[in-house]
Amino acid sequence: MRIFEETMSIPLNSIPRGVTRETFTIEMSKVPWEIPEAEFNSKEGYLDLEIVRTEYEIIVKGFLEADFLVQCARCLAPVIVPVTADINRMYSWNPDMLSDPEVEPVSHNDGTVCILDPVREAIIFSLPVMPLCTEQCRGLCPSCGINRNIEECEHGFEA
Ligand SMILES: [Zn+2]
Ligand SMILES: [Zn+2]
């Protein structure tokens with residue numbers, strides 16, 4: 001199989017019938033992630049895919065492993081989070097199947113299966129809701145805004 005990192009799409013003509021399992025090393029900077037709450041942090045990501053191709057459908061299962069950078073919910077410092085994003089999506093070019101909202105179309109323009117949206121959604125789902133730089137993070141002072149992990153101010157501290 002082949003994968004175009006610039007669009008995170010797999011050309012149909014590289015997907016054989018039956019079950020194919022392959023691990024790709026993705027160059028993270030090539031992918032248009034456009035995830036507002038996170039930036040990629042690792043140079044490479046590991047995309048482990050199992051693709052089942054039948055007459056009318058393609059089922060893509062697998063996961064992406066990569067490090068992302070988010071902000072501490074209390075002090076806004078950068079926090080590295082290792083993400084394992086699970087992907088499970090069905091694609092088809094059969095009009096009957098496409099009436100199912102769970103089934104994505106295969107792009108007829110370039111004959112590819114685009115997995116960017118499923119991977120992006122899986123990453124967002126895998127991110128912590130309240131990322132913290134440390135469990136003990138004292139956060140920013142609500143009155144003066146200083147980082148209470150680094151400095152003290154006269155406004156006291158209620159945990
Ligand atoms: Zn913090
Ligand atoms: Zn203060």
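**Entry 1: elements and overall form.** I began with the secondary structure of this predicted model, and I find that the chain holds two helices and eight strands. Reading from the N terminus, I note the order β-β-β-β-β-β-α-β-β-α. I then looked up the radius of gyration, which is 21 Å, well over the 15 Å that the globule rule gives for 159 residues, so I record the chain as more spread out than a compact globule. The C-alpha trace, taken along its principal axes, spans about 70 × 30 × 25 Å.

**Entry 2: burial and contacts over the whole chain.** I next asked what share of the 159 residues is buried, and the figure is 18%. For the contacts between residues at least 6 apart in sequence, I find that 57% join residues at least 24 apart.

**Entry 3: the nonpolar core.** Which residues have the most contacts inside the largest nonpolar core? I list L64, V113, V119 and I123, in a core that has 21 residues. Tracing where the core comes from, I see that β4 (44–53), β5 (57–71), β6 (78–92) and α2 (116–126) each supply at least two of its residues, and that β5 gives the most, with five.

**Entry 4: helix α2.** I turned to α2 to see how its residues are placed, and I find P118, V119, A122 and I123 to be its buried residues. Viewed down the helix axis, these buried residues fall within an arc of 135 degrees, and I therefore note that they line one face of α2. The face turned away from that buried side carries D117 and F125, both of them exposed. As for what the buried residues of α2 pack against, I looked and found β5 and β6.

**Entry 5: P32.** Is P32 buried or exposed? I find P32 in the loop between β2 (18–27) and β3 (39–40), and I count P32 as exposed because 10 other C-beta atoms lie within 10 Å, where the cut-off for an exposed residue is 12 or fewer.

Terms used
Residues are numbered from 1 along each chain as its sequence is written. Chains are lettered from A and ligands numbered from 1 in the order in which they are written. This is a predicted model: local features need pLDDT of at least 70, side-chain atom pairs count only at pLDDT 80 or more; totals for chains, interfaces and linings use all residues. Helices (H or I, at least four residues) and strands (E, at least two) are DSSP runs, numbered from the N terminus. A residue is buried if 20 or more other C-beta atoms lie within 10 Å of its own, exposed if 12 or fewer, and partly exposed in between; C-beta atoms are placed from the backbone. A nonpolar core is a set of buried Ala, Val, Leu, Ile, Met, Phe, Trp, Tyr and Cys residues joined through C-beta atoms within 7 Å. The arc is that of the directions from the helix axis to the C-beta atoms. Two residues are in contact if their C-beta atoms, placed from the backbone, lie within 7 Å. The radius of gyration is taken over C-alpha atoms; the globule rule is 2.2 Å times the number of residues to the power 0.38.
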